[in-house]
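Please examine the sequence and the structure shown here before reading on.

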Amino acid sequence: MRERKLKITRFALAAIIATALQSAPLAAQEEVTVQDLADRWTAAYNQADVDAIAALYGPNAELYIHNEGRYVGRDSIRDYWLGDVNRSNPITVLNVTDSVRDSEMMLVHGNYQVLDRTNGVPLGAGRFAHIWILGEDGAWHLDRDVWVDRNAR
């Protein structure tokens with residue numbers, strides 16, 4: 001009887017583990033790299049898809065643009081990026097230079113360059129820092145976003 005109970009217990013434990021793995025969020029199961037997150041932001045921005053950009057941010061995210069201001073919340077951040085992409089039809093290149101990662105947070109920073117989409121003329125450059133947080137939904141969301149123009153004083 002004890003042997004049968006042990007087999008049932010092992011089976012129950014295996015079933016619980018299998019169920020947990022199947023129901024774990026996809027983002028938590030997949031290994032997301034720092035570069036993946038930078039590429040997601042860049043792809044949305046370079047497509048001028050402000051809805052996709054906004055979707056990368058958490059609902060209470062904060063965006064800081066040096067000498068321009070602070071924007072809080074997904075809608076405010078969306079409105080800022082809408083104005084930005086409409087100013088000069090730019091594309092942005094992010095070069096990640098350093099990162100810190102743990103199981104629920106990634107700090108990504110590096111250099112950026114903004115180019116005119118039609119002729120490649122540089123429009124700006126500087127440093128950026130992103131703090132990504134793993135949300136309760138299992139997806140990575142941009143929580144803090146800081147941009148400093150290298151020419152800004």
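From the N terminus on, the elements of the protein chain follow the order α-α-α-α-β-β-α-β-β-β-β, giving 5 helices and 6 strands in this predicted model. Of its 153 residues, 31% count as buried. The chain exposes about 9500 Å², and carbon and sulfur atoms supply 54% of that area.

In soluble globular proteins, nonpolar side chains tend to be buried together. Here, the largest nonpolar core has 29 residues, and those with the most contacts inside it are Trp 41, Tyr 57, Leu 63, Trp 81 and Trp 147. Several elements give two or more residues to this core, including α4 (50–56), β1 (57–65) and α5 (74–88). The largest share, 6 residues, comes from α3. Beyond its neighbours within four places in sequence, Tyr 57 is in contact with residues including Trp 41, Leu 63, Trp 81 and Leu 142.

The whole structure holds 9 aromatic pairs. Two of them are set out below.

| Pair | Distance between ring centres | Angle between planes | Type |
|---|---|---|---|
| Trp 41 and Trp 81 | 5.3 Å | 75° | edge-to-face |
| Tyr 112 and Trp 147 | 4.9 Å | 75° | edge-to-face |

Trp 41 lies in helix α3 and Trp 81 in helix α5, so this pair ties together parts that are 40 residues apart in sequence. Both Trp 41 and Trp 81 are buried. The pair of Tyr 112 in strand β4 and Trp 147 in strand β6 links distant parts of the chain, 35 residues apart. Tyr 112 and Trp 147 are likewise buried. These four residues belong to one aromatic cluster, whose members also include Tyr 45, Tyr 71, Tyr 80 and Phe 128.

Conventions:
Residues are numbered from 1 along each chain as its sequence is written. This is a predicted model: local features need pLDDT of at least 70, side-chain atom pairs count only at pLDDT 80 or more; totals for chains, interfaces and linings use all residues. Side-chain values use heavy atoms; hydrogens and water are left out. Helices (H or I, at least four residues) and strands (E, at least two) are DSSP runs, numbered from the N terminus. Buried means under 20% relative accessible area, exposed over 50%, partly exposed in between (1.4 Å probe, protein chains only). Accessible areas come from the Shrake-Rupley method with a 1.4 Å probe; for residues, only the protein chains shown count as cover. A nonpolar core is a set of buried Ala, Val, Leu, Ile, Met, Phe, Trp, Tyr and Cys residues joined through side-chain atoms within 4.5 Å. Contact means heavy atoms within 4.5 Å. Rings of Phe, Tyr and Trp (its six-membered ring) pair if their centres lie within 6.5 Å; planes under 30 degrees apart count as stacked, over 60 as edge-to-face and the rest as tilted.
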